[in-house]
Amino acid sequence: MYVIAHLSDPHLDGTEEARARLRRITSYVSSFSRPVDVVLVTGDLADHGLPEEYAEMASELSLDVPVLVLPGNHDVSSPLRTGLASFVTSPGEGHPVHQVRDVGGARFVLVDSTVPGAGHGLISPDSLTWLDGVLREPFDGPLFVAMHHPPLNLHHPVMDQWKLEQQAPLAEVLTAKPITAILTGHVHTAITTTFAGYPVLGAPGIRSTVPYDFEPTPTTSFLDPTAHPGLALHIHTPGEPLQTTFRYPL
């Protein structure tokens, strides 16, 4: 059994509120009687992309298990690379921050879906070529593709402004590859759907939740900062379908 603790969108900004919400999740994961195999954080690590926010994130992610991170639209590549150098293996400088990480018999292809200075997502032709090559490499084990922006229309009047654009070329690259699941963040909401024939599993938001426009919200903002922070637990057992559960520890 292989267990992934999937976190997303902590938006650390130097405040005690953001820090406490992240610690509620990391403390919960650290309390397990059986350690998870890996912690994956799918973007918006920092709220403003500042060096001090990444220094804080590095401290908060100092856990006793492997930790993988990738950027979200609130992140900035250069300070992320510097502040999280011990977590990032991507060669080069600046954008994009793509990685391929093998952890305990599973492979994680971490795709940078961000567009510098913008909220929407896009995987460029060069990045698609890189992704296609990586996914064609032989690998004997579960293979996860992770990115910040989920490859789908969000059906939310605000969040659809910042969706992943040009999804068809991505679907073409992913089709017929040995992918176990696509793991995402961005929408601050637990998601289960499919894309190109694969499960898409989005982690709940840590910093806040984004209700649909027809749901009640305690604020005038489209964000609900009072909702409990959450995480996804993905459990892979050879020969069985991937199982996912969502937790919202108090």
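Which strands does helix α1 lie across, and at about what angle does α1 run to β1? The answer is β1, β2, β10 and β11, with α1 running at about 170 degrees to β1. Angles here go from 0 to 180 degrees between N-to-C directions, and axes are lines fitted to C-alpha atoms, for helices over the stretch in contact.

A quick word on what you're looking at. This is a predicted model, where local features need pLDDT of at least 70 and side-chain atom pairs count only at pLDDT 80 or more, while totals for chains, interfaces and linings use all residues. Residues are numbered from 1 along each chain as its sequence is written, and side-chain values use heavy atoms, with hydrogens and water left out. Helices (H or I, at least four residues) and strands (E, at least two) are DSSP runs, numbered from the N terminus.

**The sheet**

Start with the open sheet of 5 strands: its order is β3-β2-β1-β10-β11, and the pairing is mixed. At the edges sit β3 (67-70) and β11 (243-247), each pairing on one side only. On average, neighbouring strands of this sheet are turned by 20 degrees against each other, direction ignored. Two strands count as paired if DSSP finds at least two bridges between them. Strands of a sheet pair through backbone hydrogen bonds, either parallel or antiparallel.

| Strands | Direction | Bridges |
|---|---|---|
| β2 and β3 | parallel | 4 bridges |
| β1 and β10 | antiparallel | 5 bridges |
| β10 and β11 | antiparallel | 5 bridges |
| β4 and β5 | antiparallel | 5 bridges |

Strand β10 is largely enclosed by the rest of the structure, because 5 of its 6 residues are buried. Buried means under 20% relative accessible area, exposed means over 50%, and partly exposed is in between (1.4 Å probe, protein chains only). With β11, β10 forms a hairpin that has 6 residues between the strands, and Gly239 in the turn has a positive phi of about 85 degrees.

**Another hairpin**

Strands β4 (residues 99-103) and β5 (residues 106-111) form a hairpin with 2 residues between them, and Gly104 in the turn has a positive phi of about 55 degrees. In a regular strand the side chains alternate between the two faces of the sheet. Asp102 has Arg107 in β5 as its bridge partner.

**Back to the helix**

Helix α1 (residues 16-30) has 15 residues and reaches 20 Å from its first C-alpha to its last, close to the 21 Å expected at 1.5 Å a residue. That expected span is 1.5 Å times one less than the number of residues. Among the buried residues of α1 are Ala18, Leu22 and Ile25. Their cover includes β1 (2-7), β2 (38-42), α2 (51-60) and β10 (231-236).

How do α1 and α2 meet? Their axes come within 11 Å and cross at roughly 25 degrees. That makes α1 roughly parallel to α2 (angles under 35 degrees count as roughly parallel, over 145 as roughly antiparallel, 65 to 115 as roughly perpendicular and the rest as oblique). The contact (heavy atoms within 4.5 Å) is made by Arg19, Leu22, Arg23 and Thr26 of α1 and Glu56, Met57 and Glu60 of α2.
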